[in-house]
Amino acid sequence: MTEKSGLEAVAEAAKQAPGRGLPPVHLWNPEHCGDIDILIRADGVWMHEGSPIGREALVRLFSTVLRKDPDGYHLVTPVEKMRIEVEDLPFRAVSMQRDGSDLVFTTDVGDQVRAGADDPIVVETDAATGEPAPRVHVRRDLWARIVRPVFYDLVEMAEEVDGRLVVRSGGQAFDLGALS
């Protein structure tokens with residue numbers, strides 16, 4: 001049997017996860033095999049060799065073997081580790097639903113995240129422009145940029161606490177920023 005490498009190996013490793021479960025990439029420690037020409041653009045589009053990856057199922061598959069290490073983002077299999085480029089954050093939170101008192105975000109690759117102590121909402125503000133940059137933790141050291149319409153929904157449901165906008169989820173309070 002021929003050993004698979006590159007994208008073929010990544011796809012094969014990701015398929016090993018049962019159901020929508022995630023492969024245990026945090027437990028795999030393969031040698032770094034170099035860079036692969038994959039870029040996740042700030043708008044969430046995954047590119048391979050300069051062209052968008054058009055198959056949504058393939059992007060979702062690759063997202064399950066994505067890991068952030070101190071030296072950057074990698075697609076990881078049990079035997080290979082290949083660095084990729086990420087312009088901003090690897091995922092985008094494209095929708096949000098209330099589930100009781102919790103906020104549940106859905107990413108552009110189909111992950112669902114219930115905001116709380118383990119998966120916080122963080123809003124950083126650009127010092128020069130004042131523009132908010134909201135994100136939600138997805139898993140391990142991977143985050144999703146909260147898209148503008150979803151952030152507007154958060155702002156609409158926020159309550160004022162000491163001159164700041166705050167939303168609550170998972171028994172936690174998350175600061176969205178100061179009132180203007």
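## The nonpolar core

The largest nonpolar core in this predicted model brings together 43 residues, and W46, F105 and I121 have the most contacts inside it. Strand 12 (residues 142–146) gives the most to this core, with 4 residues. Here a nonpolar core is a set of buried Ala, Val, Leu, Ile, Met, Phe, Trp, Tyr and Cys residues joined through side-chain atoms within 4.5 Å. Buried means under 20% relative accessible area, exposed means over 50%, and partly exposed lies in between (1.4 Å probe, protein chains only).

## How to read the model

Residues are numbered from 1 along each chain as its sequence is written, and side-chain values use heavy atoms, leaving out hydrogens and water. This is a predicted model, where local features need pLDDT of at least 70 and side-chain atom pairs count only at pLDDT 80 or more, while totals for chains, interfaces and linings use all residues.

## The overall picture

Let's step back to the whole protein. Its secondary structure comes to 3 helices and 15 strands; these are DSSP runs numbered from the N terminus, with helices (H or I) of at least four residues and strands (E) of at least two. Of the 180 residues, 45% count as buried.

The accessible surface is about 9,700 Å², and carbon and sulfur atoms hold 48% of that surface; such areas come from the Shrake-Rupley method with a 1.4 Å probe, and for residues only the protein chains shown count as cover. Among contacts with a separation of 6 or more, 51% are between residues 24 or more positions apart, where contact means heavy atoms within 4.5 Å.

Strand 11 covers residues 132–139 and includes R139. With 8% relative accessibility, R139 counts as buried. Setting aside neighbours within four places in sequence, R139 is in contact with L22, S63, T64, F91 and D111.

H137 is found in strand 11 too, and is buried as well, with a relative accessible area of 10%. Beyond its neighbours within four places in sequence, H137 is in contact with V113, D118, D119, P120, L142 and W143. A polar atom of the H137 side chain also lies 2.3 Å from the backbone oxygen of R140.

## Salt bridges

The structure holds 15 salt bridges, each one a side-chain nitrogen of Lys or Arg within 4 Å of a carboxyl oxygen of Asp or Glu. One of them joins R114 and D99, whose closest N and O atoms are 2.8 Å apart. Because R114 lies in strand 9 (residues 112–114) and D99 in strand 7 (residues 91–99), this pair ties together parts that are 15 residues apart in sequence. R114 is partly exposed, with a relative accessible area of 40%, and D99 is partly exposed at 43%.

The side chains of D43 and R41 meet in another salt bridge, at 2.7 Å from N to O. D43 counts as partly exposed at 37% relative accessibility, and R41 counts as partly exposed at 28%. R168 and E159 form a salt bridge too, with their closest N and O atoms 3.0 Å apart. Here R168 is partly exposed at 40% relative accessibility, while E159 is partly exposed with a relative accessible area of 36%. Finally, D35, D71 and R83 are linked in a network of salt bridges.

Technical notes. Polar contact = N/O pair within 3.5 Å; in protein donor to acceptor, adjacent residues only side chain to side chain.
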